[in-house]
Amino acid sequence: MRLKKLLVLMLTLAMSTGILVGCSSNSSNSSGSNQDNKNKLNDKENSKKSVSMILDIEGSNNEVMNNSALLALNTAQKNLNIDTNKVESDDSSTFSNSIDILCNDNTDLIIAVGSRFAKPLEKIAKKYPKQQFAIVDYEYDKQPSNITSISFEDNKTGYLAGLVAGKMTETDKVGFIGGVEGSSRNKFESGFKEGVKFSNSNIKDVSVEYVDIFKDSKSAESVAKKMMDSGVDIIFSNTEDDSKSVINAVRAKNKKVIAINKDQHELAPENVISSIVKDFEKPTYDLIQSFVKGEYKGGKVIENTMKSGSTGLAQNSSQNIPPDVLEYVNKNNK
């Protein structure tokens, strides 16, 4: 009898111990799981936003735009406490692949700088509908819902260039040289033609040529020479090398040019009569800031205006544009 009671007591103790051990184990696991969940929540709350920027071919091409966009990215990294990454492309054939890789790196926002990214970016955006993208200096006919565009009033500034050229030409022959065709160049061309037509009824046609300096670095210079040989004395240059090739050609022939992206007067003081300047840095920074603050909404076109000071004629245009022409331009500004 005592033996039977002893066995029952031992069994009871064993079961109690097992239950206690089991509870202890479950409690430990539960505590660890809760802690893991807390850590994950904290990591999510404290994680930095990541912004990657992909640049077109470097060198002299897109110098102003690339450098300005990079300044915006670097400033945002310091001021907004974000992780950043920069990708430089050597060849347009790798654009899609480079963007694809960034999408798989869990980057929160991918910014492409330049119109040559427009088509590959649109294609990749369809593949990654939850990924947010932005493009500098381009807008789509039908804006994708996950791509934000930074654009400018190129039609209006092109119109100003047309007013200047129409009033200052001595041969009644002016030309337009565009780079890679796209929204920006198309707006410049149409605005320029309209301004020329308004300011000089003697000009029946504007000489228009498009070149790809990425494929042929001498193409813009060759086209400019051909235009000047046909009597054109003022060229509005919209090439991706910030008009440098055309400026060189015009200087050699002692003709006139209107440049783009930044004030290029110092490159040829007697020949650069004006420049259409664009501020790429502030709009790019503002875009990143809105994304970090949660105010960003994809699919928008952010157009930067002359009124805001983001674009317009260079301030020192008065050095080569006569006062009466400047007065005319200001009076007939849209």
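Visitor: I'd like to start with the largest pocket: how do the residues of its lining divide into nonpolar, polar and charged?

Guide: Before anything else, keep in mind that this is a predicted model. Sorting a lining by class is a handy way to read a pocket. Here the lining of the largest pocket has 5 polar residues, with 3 nonpolar and 3 charged ones beside them. The space in that pocket comes to about 160 Å³.

Visitor: Which residues line the largest pocket?

Guide: Find Asp279 on the structure, then Lys282, Pro283, Asp286, Leu287 and Ser290.

Visitor: S11 is a strand, then. How do I read a sheet?

Guide: Start with the general idea: strands of a sheet pair through backbone hydrogen bonds, and they do so either parallel or antiparallel. Now the case here. S11 belongs to an open sheet of 6 strands with parallel pairing, and the order to trace is S2-S1-S3-S4-S5-S11.

Visitor: Why is one side of S2 and of S11 left without a neighbour in the sheet?

Guide: Because strand S2 (83–88) and S11 stand at the edges, and each has a single partner strand. Ignoring direction, neighbouring strands in this sheet are turned against each other by 15° on average.

Visitor: How many bridges join S5 to S11?

Guide: There are 4 bridges between S11 and strand S5 (residues 147–152), and the two run parallel.

Visitor: Where does H9 lie?

Guide: H9 lies across S5 and S11, and also across strand S1 (50–55), strand S3 (109–113) and strand S4 (132–136). Its direction makes an angle of about 155° with S5.

Visitor: Let's move to the other sheet. What is the order of its strands?

Guide: Read S7-S6-S8-S9-S10-S12, which is an open sheet of 6 strands with mixed pairing. Strand S7 (207–210) and strand S12 (311–313) are at the edges with a single partner strand each, so one side of each has no neighbour in the sheet. From one strand to the next, the twist averages 15°.

Visitor: In which sense do S8 and S9 pair?

Guide: Strand S8 (residues 234–238) and strand S9 (residues 256–261) pair in the parallel sense, over 3 bridges. Look for Phe236, whose bridge partner in S9 is Ile258. While you're there, spot helix H7 (residues 219–229), which lies across S7, S8 and strand S6 (174–178) and runs at about 165° to S6.

Visitor: Now helices against helices. At what angle do H7 and H8 pack?

Guide: To read a helix pair, look at the angle, the spacing of the axes, the handedness and the residues that meet. H7 and helix H8 (residues 244–253) pack at about 35°, and their axes are 8 Å apart. The crossing is right-handed. H7 brings Ala220, Glu221, Ala224, Lys225, Met228 and Asp229 to the contact, and H8 brings Ser245, Val246, Ala249, Val250 and Lys253. By class, that contact has 6 nonpolar, 1 polar and 4 charged residues.

Visitor: How far apart are the axes of H5 and H6?

Guide: They are 6 Å apart, where helix H5 (residues 154–168) packs on helix H6 (residues 183–199) at an angle of about 35°. This crossing is right-handed. The residues in the contact number 8 nonpolar, 9 polar and 4 charged. Among those that meet are Gly158, Gly162 and Gly166 in H5, and Gly191 and Gly195 in H6.

Visitor: And what is the angle between H3 and H4?

Guide: About 35°, with the axes of helix H3 (residues 95–103) and helix H4 (residues 118–127) 9 Å apart. H3 passes H4 in a right-handed crossing. The contact includes Phe95 and Ile99 of H3, along with Leu121 and Ile124 of H4. Its residues divide into 6 nonpolar, 1 polar and 2 charged.

Notes
Residues numbered from 1 in each chain as written. Predicted model: local features only at pLDDT ≥ 70, side-chain atom pairs only at ≥ 80, totals over all residues. Heavy atoms only, no water. Pairing = 2+ DSSP bridges. Axes fitted to C-alpha atoms, helices over the stretch in contact; angles between N-to-C directions. Contact = heavy atoms within 4.5 Å. Left-handed = near helix turned anticlockwise from the far one by under 90°. Nonpolar A, V, L, I, M, F, W, Y, C, P; charged D, E, K, R; others polar. 1 Å grid on protein atoms, 1.4 Å probe; cavity = no way out; pocket = protein on both sides within 12 Å on 5 of 7 lines; lining within 4 Å. Points joined across faces, edges and corners; volume = space filled by probe spheres on them.
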